[in-house]
Amino acid sequence: MSETKRYTVTAALPYANGGIHLGHLAGAYLPPDIYVRYRRLKNEDVIFVCGSDEHGVPITLGARKEGISPQQFVDKYHELMKKSFSEFGISFDIYSRTSNKIHHETASQFFLDLYNAKKFAEETSQQFYDEEEKIFLADRYIKGTCPVCANENAYGDQCEKCGSSLSPKELKNPVSVLSGKIPVLKETKHWYFPLNEYENFFRDWILENHKHDWKTNVYGQCKSWIDAGLHPRAMTRDLEWGVKVPLPNAEGKVLYVWFDAPIGYISATKELKPNDWEKYWKDKDTTLLHFIGKDNIVFHCLLFPAFLHAHGEYILPANVPANEFLNLEGEKL
């Protein structure tokens, strides 16, 4: 194992559609802040990066509800969150945002690198569409009954009761969260990442190499998803707001928010260290740590590492500390 010369520490990008509350601070921001302060006291080379996650369907819907543009909407909440972190004394080296030009350029190039390496499969399929709202439904905007545990409030991407990773078509009795209507299936073209082809990689990297040093809840969730079998996932969406798909004949399509958001860690580092950012992401002597909340485990332990591994030039996270939800009166805060 190589000797650690530097540390890249990330805190989960908060979504720019509301303020920061106690649960956020306790779960994803105070722990890494303590960690990086410790490293700094030892005069070690450590960077602490974060920023606002500003793309996706909830942004467009929130903006529409407030009667403003998506850019105005994220500007409002980015400044609110940035101010809150500053007032709480969270010591980021940089607090960036995914609507920045440098992020769009970084995410587009990362997508093109994978596309040119033939890591995606182009597929035309039928996806759920809300005829009343005139919009293709993101996974989180479809609810139904979980096929695993029968929870009637499972989302199209995950059941928060049993932790199963799902696809919208697996849900029983699906309904649109936006209108409450039963969605229809409509044909559309997207680019899929074959997560199923990386099962052997995950079994080796997570189930064997991180068997004893990852938190029980992180390891357990990863193992359950891998054992249940992984599936290809679309890395693009039908939406106008976001990082445009950098391919011909892809009008009206953007990168899936969970493809572009974790790349925000990389683009924030490029913004912070424009001349030597690569050593914090590509040098085997660097230790990468993602501090997150429980609901982000699948994205930081499976999706993002799979993208980094498929790209071939990047290091993988050495650890992904994920805290449980902060509860108030028995409910998730």
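Q: Which residue of S13 stands opposite threonine 10?
A: Histidine 290 is the one facing threonine 10. A quick word on ground rules: this is a predicted model, in which local features need pLDDT of at least 70, side-chain atom pairs count only at pLDDT 80 or more, and totals for chains, interfaces and linings use all residues. Residues are numbered from 1 along each chain as its sequence is written, and side-chain values use heavy atoms, with hydrogens and water left out.

Q: What makes strand S1 (residues 6–11) and strand S13 (residues 286–293) a pair?
A: Six bridges link S1 and S13 in the parallel sense, and pairing asks for at least two bridges found by DSSP. So S1 and S13 qualify. The elements themselves are DSSP runs, numbered from the N terminus: E with at least two residues for strands, H or I with at least four for helices.

Q: What makes strand S3 (94–97) and strand S14 (322–323) edge strands?
A: They belong to an open sheet of five strands with parallel pairing, ordered S3-S2-S1-S13-S14. S3 and S14 each pair on one side only. Two helices pack on this sheet. Helix H3 (residues 70–88) touches strand S2 (45–52) and S3, its direction making about 170 degrees with that of S3. H9 touches S13 and S14, and makes about 145 degrees with the direction of S13.

Q: Why is the packing of helix H4 (residues 101–116) on helix H9 (residues 297–311) called oblique?
A: Their axes lie 10 Å apart and meet at an angle of about 60 degrees. Angles run from 0 to 180 degrees between N-to-C directions, with axes as lines fitted to C-alpha atoms, for helices over the stretch in contact. Under 35 degrees is roughly parallel, over 145 roughly antiparallel, 65 to 115 roughly perpendicular, and the rest oblique. That makes H4 oblique to H9. The crossing of the two is left-handed (the near helix is turned anticlockwise from the far one by less than a right angle; clockwise would be right-handed).

Q: Which residues of H4 and H9 meet?
A: From H4 come Phe110, Asp113 and Leu114, and from H9 come Phe307, Leu308, Ala310 and His311 (contact means heavy atoms within 4.5 Å). By class, this contact has five nonpolar, one polar and one charged residues. The classes go like this: Ala, Val, Leu, Ile, Met, Phe, Trp, Tyr, Cys and Pro are nonpolar, Asp, Glu, Lys and Arg are charged, and the others, Gly among them, are polar.

Q: What makes helix H6 (residues 216–228) oblique to H9?
A: H6 and H9 pack at about 60 degrees, axes 10 Å apart. Hence the oblique label for H6 against H9. H6 passes H9 in a right-handed crossing. Asn217, Val218, Gln221, Cys222, Trp225 and Ile226 in H6 meet Ile297, Val298, Cys301 and Leu302 in H9. That contact divides into eight nonpolar, two polar and no charged residues.

Q: Why do S5 and strand S10 (233–234) count as edges?
A: Four strands form an open antiparallel sheet, in the order S5-S4-S9-S10. S5 and S10 each have a single partner strand, so one side of each lacks a neighbour in the sheet. Nine bridges join S4 to strand S9 (residues 184–193), and glutamine 127 stands opposite lysine 186 in S9. Two bridges join S9 to S10, where alanine 234 is the bridge partner of tyrosine 192. S4 and strand S5 (residues 135–136) also share two bridges, with tyrosine 129 opposite phenylalanine 136.

Q: Why is arginine 237 called buried?
A: Its relative accessible area is 16%, so it falls in the buried class. Arginine 237 is found in strand S11 (residues 236–238). Leaving aside neighbours within four places in sequence, arginine 237 contacts Asp139, His190, Gly252, Lys253, Val254 and Tyr256.

Methods:
Buried < 20%, exposed > 50% of the residue type's maximum accessible area, 1.4 Å probe, protein only.
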